[in-house]
Amino acid sequence: MVEVTVLGDINVDLLTPPIRAYPKKDSQVLIPHLKMEVGGCAAHSALALARLGVKARLIGLIGRDWFGKFLLEKLKEFRVDSKVKQAGRGKTGISFGISFKDGKRSLITFRGTNSLLSLKDFKLEAIGGEIFLLGGYNLLRNLEKDAGKILKFAKKKGMLTCLEPDLKSGINCNLRMLKKNLKLVDFFLPDFEEGKILTKERNEVKIARKILRFGCKHVVLKLDKKGCLIASQKESFRIRAFKVRAVNPTGAGDFFNAGFIYGLLKYKSLRKAGILGNIAGAFAVTKFGEERYIGKEEMEKWLKKVRLEKFIEEV
């Protein structure tokens, strides 16, 4: 029985180790290695949930190419219930991730088949379980017009709905449509930069309160090294981050999503969900490859060391 369905972007990530600065034009930086991993918000989140023991289903679109084959093999290896279709046209998406020694990262992305994904590629009935996550929303331009229909379907099935926007790609977001769709969302999962884009505010509390006016039930604002802020009409609180040495920050927010959803499923607690999101994100940025995916036992070990009153601040 599926517990969580994830729909959205799937691609291959090519990742550098941390470098000091991006090379100037007509210059070169040498790196000791280049890692190839599963990428995309939806794929990261589904694999991370599966590693935590959650029965996760992934819906998406990839190409009939070597990269697509690599992704299917990884989904099988992680025991994700794959409803991923291989397109008759188009190539699998690829992101080139450049990590920096200050813990930041930049991405150069070819969306590939993610930009082709539509309702024609899957049946709504494939969406099932307790929680539905729509990941990489703004990268899925062909699916954007049907997002409301998809979210309504999940709500009618009694599922909690989550949406991760992915607004930093340089693609103009249809804000009117996004705000309309947010009325169908229980948990909206932007990061701080995306919050600024949506609200033109620079204070995280003001960002969260402004987004709540769009109609979603909860805002889960990811704050990088500062942790996260969770807000609803009834309450709002910050959860501080764990101090770690980041070597691979690509996808940190995707791993947070998985930890947060795991917390909702297991503990039915917003505070513990936020803590577990921070743990999953912190663990992921310290490693490359499959070691980035925290397991259930390791997650619970981290949680046992946490004194909630020291990590949570009401705002």
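**Entry 1**

I began with Arg 79, which is exposed at a relative accessible area of 77%. For this notebook, exposed stands for over 50% relative accessible area, buried for under 20%, and partly exposed for what lies in between, with a 1.4 Å probe and protein chains only. I note that the model is predicted, that local features need pLDDT of at least 70 and side-chain atom pairs pLDDT 80 or more, while totals for chains, interfaces and linings use all residues. I number residues from 1 along each chain as its sequence is written, and side-chain values use heavy atoms, with hydrogens and water left out.

I looked up the backbone of Arg 79 and found a positive phi of about 65°, although Arg 79 is not a glycine. Most residues other than glycine have a negative phi. I placed Arg 79 in the loop between helix H2 (66-77) and strand S5 (81-86). Helices (H or I, at least four residues) and strands (E, at least two) are DSSP runs, numbered from the N terminus.

I then turned to Asp 224, another non-glycine residue with a positive phi, here about 60°. Asp 224 sits in the loop between S11 and S12.

**Entry 2. Salt bridges**

I counted a salt bridge wherever a side-chain nitrogen of Lys or Arg lies within 4 Å of a carboxyl oxygen of Asp or Glu. The count by this rule is 18 salt bridges. Side chains of opposite charge can pair when their charged atoms come close.

I examined Asp 191 and Lys 168, whose closest N and O atoms are 2.5 Å apart in a salt bridge. This pair links distant parts of the chain, 23 residues apart: Asp 191 is in the loop between strand S10 (187-188) and helix H5 (192-199), and Lys 168 is in the loop between strand S9 (160-163) and helix H4 (175-182). Asp 191 counts as buried at 17% relative accessibility, whereas Lys 168 counts as partly exposed at 41%.

I next recorded the salt bridge of Glu 201 with Lys 210, where the closest N and O atoms are 3.6 Å apart. Glu 201 is partly exposed, with a relative accessible area of 24%, and Lys 210 is partly exposed, with 27%.

Which residue meets Lys 226 in a salt bridge? I found the side chain of Glu 204 there, at 3.1 Å from N to O. The two residues are 22 apart and link distant parts of the chain, with Glu 204 in helix H6 (residues 204-212) and Lys 226 in the loop between strand S11 (218-222) and strand S12 (228-231). Glu 204 is buried, with a relative accessible area of 8%. I also noted that Glu 204 and Lys 226 belong to a network of salt bridges with Arg 238 and Glu 313.

**Entry 3. Nonpolar surface patch**

I found a nonpolar patch on the surface formed by Val 29, Ile 31 and Leu 34, with about 220 Å² of accessible area together. Patches are made of residues with over 30% relative accessible area and no salt bridge; like charges are joined within 9 Å, and nonpolar side chains (Val, Leu, Ile, Met, Phe, Trp, Tyr) within 5 Å. Accessible areas come from the Shrake-Rupley method with a 1.4 Å probe, and for residues only the protein chains shown count as cover. I located Ile 31 in the loop between strand S2 (11-15) and strand S3 (35-39). Ile 31 is partly exposed, with a relative accessible area of 34%.

**Entry 4. Helix packing**

I looked up helix H1 (residues 41-51) and helix H7 (residues 252-267), which pack at an angle of about 45° with their axes 8 Å apart. H1 is therefore oblique to H7. The crossing of H1 and H7 is right-handed.

**Entry 5. Buried residues and C-alpha separations**

I checked Val 185 in the loop between H4 and S10; Val 185 counts as buried at 2% relative accessibility. The C-alpha atoms of Val 185 and Leu 133 are separated by 9.6 Å, with the residues 52 apart along the chain.

I checked Gly 97 in strand S6 (residues 93-99), where Gly 97 is buried, with a relative accessible area of 1%. From Gly 97 to Asp 166, 69 residues apart along the chain, the C-alpha separation is 15 Å.

Is Ile 279 buried or exposed? I found Ile 279 in helix H8 (residues 270-284), and Ile 279 counts as buried at 0% relative accessibility.

How values were computed: Axes fitted to C-alpha atoms, helices over the stretch in contact; angles between N-to-C directions. Parallel < 35°, antiparallel > 145°, perpendicular 65-115°, else oblique. Left-handed = near helix turned anticlockwise from the far one by under 90°.
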